[in-house]
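Here's a quick briefing to keep beside the viewer.

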Number of protein chains: 2
Amino acid sequence: MTTSRAFPILIDGEWRPSRGSETFRALDPETGGALAGEYPVSPWSDIAEAVAAGKRDAPALAALGPDPVAGFLEGLAVRIEERKPDLVAAARLETALPAEPRLGSVELPRTLDQLRKAAEACRGRSWCRATIDTKADIRSMYGPLGGPVVIMGPSNFPYAYNAVGGGDFASALAAGNPVIAKSHPGHPTTTRILAEAAREALAAAGLPRASVQLLYHLAPEDGLRLVADRDIGATAFTGGRPSGLALKKAADGAGRPIYLELSSANPVFVLPGALDERPEAIAAELFRSCTLASGQMCTKPGLAVIPDGPTARRFIEAVREAFEGSEPMVLLGPKVRDGLREAAARLAAEGAERVAGGREPSGSGTRSYPALFRMSGARFLEDPSAFQIESFGTLSVLVVAKDAHEMRAIAASLDGHLTGAIYSRSDGGDDLDYEAIEPVLRTKVGRLLNDKMPTGVAVSPAMNHGGPYPATGHPGFTAVGFPAAIVRFAALRCYDHVRADRLPPELRDANPTGTMWRLIDGEWTQLSI
Amino acid sequence: MTTSRAFPILIDGEWRPSRGSETFRALDPETGGALAGEYPVSPWSDIAEAVAAGKRDAPALAALGPDPVAGFLEGLAVRIEERKPDLVAAARLETALPAEPRLGSVELPRTLDQLRKAAEACRGRSWCRATIDTKADIRSMYGPLGGPVVIMGPSNFPYAYNAVGGGDFASALAAGNPVIAKSHPGHPTTTRILAEAAREALAAAGLPRASVQLLYHLAPEDGLRLVADRDIGATAFTGGRPSGLALKKAADGAGRPIYLELSSANPVFVLPGALDERPEAIAAELFRSCTLASGQMCTKPGLAVIPDGPTARRFIEAVREAFEGSEPMVLLGPKVRDGLREAAARLAAEGAERVAGGREPSGSGTRSYPALFRMSGARFLEDPSAFQIESFGTLSVLVVAKDAHEMRAIAASLDGHLTGAIYSRSDGGDDLDYEAIEPVLRTKVGRLLNDKMPTGVAVSPAMNHGGPYPATGHPGFTAVGFPAAIVRFAALRCYDHVRADRLPPELRDANPTGTMWRLIDGEWTQLSI
């Protein structure tokens with residue numbers, strides 16, 4: 001078989017060769033050339049085995065309860081830390097993201113923090129929202145889904161959102177579900193190292209064999225089949241809109257839950273007073289946020305809306321200078337570069353004026369100069385859906401509105417986005433405009449910011465990394481922040497008149513940990529009944 | 001216009017004629033004849049006006065805050081109580097459900113209780129799960145969706161699940177959303193009286209005009225268009241599976257949230273020891289639960305699974321006698337009767353043996369004798385999806401399994417259902433079988449019961465009236481029980497670095513009510529910061 005030289009996949013506790021013959025290699029974004037490791041594209045037979053093993057082990061994992069799972073997540077964090085040099089080297093090669101500070105000192109520690117916070121939430125059990133009605137003798141809590149959760153990770157965070165070890169992975173396991181991870185094909189080696197660590201941690205924690213399985217790549221039609229399989233519990237997908245919507249359609253049609261984090265233009269509104277007060281400072285913040293990680297952040301501001309006037313020209317000039325002064329930026333791969341070129345061509349065709357960027361960088365690899373466009377608010381309002389596109393990578397659009405009234409109309413024309421920011425004058429001079437725009441923008445975004453750019457998603461219980469469609473598939477769920485992110489992968493389980501000794505520990509009279517929060521007869525309490 | 005004699009619809013605060021010409025009349029289930037009131041089938045132009053008005057008023061309703069909405073819900077309860085004689089007379093005629101105790105002393109008081117509990121939850125604000133991270137200065141809560149919620153009510157609960165005044169209605173408003181109600185065409189007069197009460201209560205509470213609107217009937221294609229409209233916030237539908245899945249497909253495709261309560265066979269497992277211990281008692285309970293409200297309950301046990309043996313024969317004989325001894329039961333309408341006939345024919349064709357029922361009742365109206373079928377566990381397992389159908393009305397299937405091991409296999413073969421009950425011997429003699437079957441059944445149902453039939457859904461904070469697909473569209477949500485049912489109609493709103501005076505009251509340092517529960521830095525508390 002031609003896959004004999006390809007790396008094995010992790011199925012039912014064993015690293016074993018894929019049954020397929022197709023393989024792929026990740027590309028080096030710095031050079032555009034193929035990297036060394038050869039990885040398999042799994043045919044349906046691989047996938048079917050993973051689903052069957054995951055389904056088989058789901059009850060055993062659920063029966064173990066939270067402590068071994070929390071131990072696993074913590075053990076994985078330790079092992080990831082031990083393999084940090086390998087992980088940074090691999091991700092550096094596969095993504096071209098800077099080894100320092102980004103990979104080694106920002107994203108990797110964040111990933112460990114996520115795993116430890118998920119472990120803490122899992123062990124603490126408050127995430128399951130145990131609710132007890134002592135009078136009616138009805139008790140309920142969130143519990144595992146009964147089948148494996150499929151995680152499909154994105155290209156832009158090789159650790160923190162990785163299908164192995166990332167936030168969705170930690171959440172799905174903390175809820176007590178096995179995981180079938182599908183690596184992003186852009187960083188298979190990074191994912192393999194994470195999965196090696198996971199397999200060791202799994203054995204050490206005594207979790208069932210199929211609690212974590214790994215596939216590297218699937219044919220698109222097999223992905224659609226997988227998310228619609230009746231034996232899976234749910235899917236989490238982070239990535240581009242076309243793939244995400246195709247998966248959503250397949251999963252929806254079969255009634256399988258799917259959580260999507262798709263795309264977002266993250267509009268930033270700079271109110272007149274703020275623009276007058278600190279145009280250069282905001283311009284510098286905008287540039288930094290737009291170009292962080294070469295603009296390859298879900299929360300990159302792709303759209304900045306400002307009121308016209310003399311300061312607008314100063315602001316635009318400051319942003320333009322920053323963009324023009326930038327070196328070309330290395331992108332994650334040719335797909336990102338092609339997407340950017342396409343978005344730029346579409347914007348130009350729609351009448352947006354190019355303010356910066358557009359040169360083709362010399363040299364090899366997938367590089368791009370940061371690109372800046374501008375257009376009038378009137379033009380934007382003629383066809384809002386054409387201009388609030390996510391342009392993953394270093395491209396942003398400045399919309400120059402006639403006045404704050406038109407800025408409000410632009411907010412009203414928006415689709416759903418992950419974030420929306422409003423910059424306003426520090427002395428309250430913009431308050432009337434803020435009051436007009438905020439209620440409109442509020443229903444369009446998951447996270448609203450003041451005087452702050454949206455890049456940087458804190459792992460906080462109060463975070464919402466989510467938002468209305470088409471930013472995600474449902475406005476009520478967040479992909480970041482514990483305990484809320486865990487609940488996505490759980491079913492509400494009600495016990496009506498169930499005998500006391502048959503209740504799960506979380507719903508018995510005695511508080512199982514002494515500190516777990518439960519809603520008993522309408523009061524949140526850590527006490528036993 | 002031919003609709004001049006038809007009742008008006010409630011649009012933007014006014015009762016005004018439909019713009020369409022098509023009308024309908026409800027049928028009297030007792031006689032099969034048409035009832036007096038003529039009601040309009042709304043064309044798209046009516047619907048578009050309702051959507052536009054609801055969308056326009058959504059921000060104003062959200063800005064009012066919870067107290068006026070709570071006042072409205074309580075005022076509606078008072079007005080419904082005042083109109084009780086009219087409501088009981090209308091629902092009695094339209095549904096043939098008994099005026100007493102069902103309509104007047106059970107369902108109507110339950111509806112008032114729901115409205116008052118929703119009002120209490122709304123005023124109390126704890127439902128919105130305010131979460132504050134003081135260190136990161138990030139705060140989040142659930143808030144309104146930004147557009148009207150479409151409610152489509154079922155036939156079988158003319159008050160408690162009515163699109164006006166029922167549980168979904170109360171939940172959507174408590175979350176701060178306007179409602180566009182679509183009456184079930186089986187009881188338009190009942191719905192009209194409820195909407196008259198709602199309009200009065202609305203004016204008294206000072207809510208925006210379009211906070212409650214009413215349409216009586218829509219063409220199916222307009223229903224699909226409505227649930228996919230980008231200006232609506234979400235939809236709640238309770239009813240049959242084919243209509244529900246068509247609406248789900250339309251809503252999913254447009255990324256609009258939809259909550260479904262579709263159908264359920266509500267399996268009851270009687271373990272060997274329980275069957276030996278009290279066969280006649282369980283048979284009597286099963287008969288009562290199967291025939292309550294002529295079997296027209298979402299939670300009616302349509303499937304009972306028992307182990308074979310001498311007691312099985314006694315049990316079946318007792319159930320048979322009860323079914324055979326029953327008078328024919330009046331159904332809600334010809335659609336229910338035809339559905340039952342179809343289900344019976346299909347079961348017979350698939351090899352199930354008819355044990356009771358099957359005679360055609362004499363006289364007019366939509367009556368039916370309760371029907372009972374039996375089949376072997378082996379036959380069931382050959383084609384589980386053919387036999388776990390919801391048969392809305394008085395039809396149930398007894399599955400006689402070889403032993404407890406086969407009962408477990410039957411549980412494993414189930415789709416998602418609202419409820420699942422296990423009867424076991426009172427002295428613990430069935431515990432081993434319980435431990436084998438419960439984990440399997442647990443992932444298939446929303447509510448698990450012991451020694452209790454599933455009909456009767458308590459309005460409790462711990463209730464789950466929901467379950468895995470295809471019982472509903474998502475396993476994490478309940479349609480009954482406050483505060484959980486409210487959260488369905490809300491979006492997660494995060495505030496990152498937002499100035500203190502711009503935060504909603506629920507997220508400011510001071511607790512806005514003094515009693516609201518908030519999750520502050522990981523602790524549930526009623527204290528201020």
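The two copies meet through the same surface, because 100% of the interface residues of chain B are also interface residues in chain A.

Some bookkeeping before the details. This is a predicted model, where local features need pLDDT of at least 70 and side-chain atom pairs count only at pLDDT 80 or more, while totals for chains, interfaces and linings use all residues. Residues are numbered from 1 along each chain as its sequence is written, chains are lettered from A and ligands numbered from 1 in the order in which they are written, and side-chain values use heavy atoms, with hydrogens and water left out.

**Chain A overall**

- Chain A has 17 helices and 23 strands (DSSP runs numbered from the N terminus: H or I of at least four residues for helices, E of at least two for strands).
- With a radius of gyration of 24 Å, close to the 24 Å that the globule rule gives for 529 residues, chain A is as compact as a globular protein of that length (taken over C-alpha atoms; the rule is 2.2 Å times the number of residues to the power 0.38).
- Along the principal axes, the C-alpha atoms of chain A fill a box of roughly 75 × 65 × 40 Å.
- Of the 529 residues in chain A, 63% are buried (buried is under 20% relative accessible area, exposed is over 50%, partly exposed is in between; 1.4 Å probe, protein chains only).
- Among contacts in chain A with a separation of 6 or more, 75% come from residues 24 or more positions apart (a contact is heavy atoms within 4.5 Å).

**The core**

- The largest nonpolar core has 280 residues, and those with the most contacts inside it are A:Phe72, A:Leu73, B:Phe72 and B:Leu73 (buried Ala, Val, Leu, Ile, Met, Phe, Trp, Tyr and Cys joined through side-chain atoms within 4.5 Å).
- Take B:Phe72: leaving out residues up to four places away in sequence, its contacts include B:Phe169, B:Leu173, B:Ala198 and B:Val212.

**Helix α4 and what follows**

- In chain B, helix α4 (residues 99-124) has a kink of about 30 degrees at B:Glu107, shortly before B:Pro109 (the angle between axes fitted to the seven residues ending there and the seven starting there).
- B:Pro101 also lies in α4 of chain B, and the peptide bond to it from B:Glu100 is cis, with omega near 0 degrees.
- Just after α4 in chain B, B:Arg125 takes a positive phi of about 70 degrees.
- Over in chain A, A:Arg125 has a positive phi of about 70 degrees despite not being a glycine; A:Arg125 is in the loop between α4 (99-124) and β5 (131-133) and is buried, at 11% relative accessible area.

**The loop between β20 and α17 in chain A**

- A:Pro470 lies in the loop between β20 (445-450) and α17 (484-487), and the peptide bond from A:Tyr469 to A:Pro470 is cis, with omega near 5 degrees.
- A:Pro468 also has its place in the loop between β20 and α17 and is buried, with a relative accessible area of 17%.
- Beyond neighbours within four places in sequence, A:Pro468 contacts residues including A:Gly416, A:His417, A:Thr443 and A:Pro475; the C-alpha atoms of A:Pro468 and A:Thr443 are 7.9 Å apart, though 25 residues separate them along the chain.

- A:Thr238 sits in strand β10 (residues 234-238) of chain A, is buried at 7% relative accessibility and touches, among others, A:Met152, A:Asp168 and A:Glu261.
- A:Asp521 has a positive phi of about 50 degrees without being a glycine; A:Asp521 is in the loop between β22 (518-520) and β23 (523-525) and is partly exposed at 42%.
- B:Glu14, in strand β2 (residues 14-16) of chain B, is partly exposed at 45% relative accessibility.
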